[in-house]
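Dear colleague,

Please find the structure below, followed by a short account of what was found in it.

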Amino acid sequence: MYDTLHLHYNYDDNGYPDTDKIIYKISDVNHSEYANGSTCTSGSLDNLRVNINEMSVTIKGSLAKYYLGNNFQTLSQKTTSEAIEKLSDDLNLDVNLCKVSRIDLSTNFITTHEPNIYYDYLGNLKRFNRLENPYSIDYRQKSKKLLFYDKVMWAKQTHSLIPLEFQSKNVLRYEMVLNEAVKRYLKLNKITMKDLHGHAMYSKLVGEWYNFYNRIEKKPSKEIVLNTHNIKSPKDFDKELLVHLARTKGFDYIDNMIKDLKARKAFTSDEYYSRLKARYREYSKVEIDSEDIISEISEKVEEVYQREFNPPFYTR
């Protein structure tokens with residue numbers, strides 16, 4: 001569930017680390033000196049950005065990508081603990097002591113349809129601004145936001161690696177971002193990295209992610225889906241398209257069209273109108289697959305919640 005995090009190791013709280021050892025481990029090192037005499041050293045540890053000054057060490061970026069090699073996959077409670085252990089070893093710094101100022105909690109859903117099909121069925125969320133784009137939908141407040149977006153399209157736009165199991169798939173990402181005043185929102189004096197992979201905090205954040213989704217107004221709607229199981233020839237394909245049209249529009253709509261054609265004397269024989277009427281009445285009765293579009297996402301959110309809220313690795 002965890003992805004991007006902003007972590008701060010404060011010297012006043014935790015003592016001074018051996019910054020030379022940290023600098024030795026990072027790449028693309030840059031030293032800056034400011035007019036007031038303060039200095040800052042910055043660099044990268046794989047995809048993570050590390051900044052070191054006289055007061056703190058700051059680490060920002062996708063912990064999932066750092067540990068797993070990509071952020072299509074996200075970190076569970078167990079793998080978060082493993083990632084922090086690795087990061088602590090790599091930086092010669094006890095990252096569990098870092099305060100947390102941003103938390104991204106997310107997961108990917110492999111869906112039946114392209115992600116943008118689902119956006120219209122996600123309505124308003126009280127006290128959030130809803131912003132819809134071609135490849136995403138955002139719900140925003142000053143200190144937090146929810147995002148639904150096409151993860152494959154994102155990867156293509158950012159030239160990121162798409163893992164094999166997600167290639168040629170429809171991948172919808174649902175992400176909760178707490179990016180300001182995290183501790184106040186969660187009603188805590190402070191949040192450390194050790195808290196994040198503890199059972200209580202992890203379950204609390206999963207619960208928030210789940211509850212925000214459930215608070216979004218849903219627009220249930222049945223979509224008529226083309227039945228491809230009966231198609232064995234080009235003629236079958238043509239028929240199923242007509243069946244799809246008849247069932248989607250309904251017989252009354254088609255009957256009115258036929259009446260309009262008859263009023264304009266479009267055909268030379270009245271028999272044509274009755275034949276069309278009989279055919280499309282039958283087509284409109286043909287049973288084809290239908291599904292509630294938004295229920296697919298709701299079910300997937302529920303599955304993740306049931307799995308992650310009481311993860312089996314940690315027990316009380």
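A nonpolar core is a set of buried Ala, Val, Leu, Ile, Met, Phe, Trp, Tyr and Cys residues joined through side-chain atoms within 4.5 Å; buried means under 20% relative accessible area, exposed over 50%, and partly exposed in between (1.4 Å probe, protein chains only). The model is predicted, so local features need pLDDT of at least 70 and side-chain atom pairs count only at pLDDT 80 or more, while totals for chains, interfaces and linings use all residues. Residues are numbered from 1 along each chain as its sequence is written, and side-chain values use heavy atoms, with hydrogens and water left out.

The largest nonpolar core has 63 residues, of which Phe 148, Leu 196, Leu 205 and Trp 209 touch the most other members. Helix H8 (residues 199-215) supplies the largest share of this core, eight residues; helices are DSSP runs of H or I, at least four residues, and strands runs of E, at least two, numbered from the N terminus. Another core, of eight residues, lies apart from it and includes Val 243 and Tyr 273.

The whole structure holds 13 salt bridges, each a side-chain nitrogen of Lys or Arg within 4 Å of a carboxyl oxygen of Asp or Glu. One of them joins Asp 90 to Lys 86 (2.9 Å, N to O); these residues lie four apart in helix H4 (residues 77-91), about one helical turn. Another pairs Lys 259 with Asp 255 at 3.5 Å, N to O. Here Lys 259 is partly exposed, at 49% relative accessible area, whereas Asp 255 is buried, at 10%.

Yours sincerely
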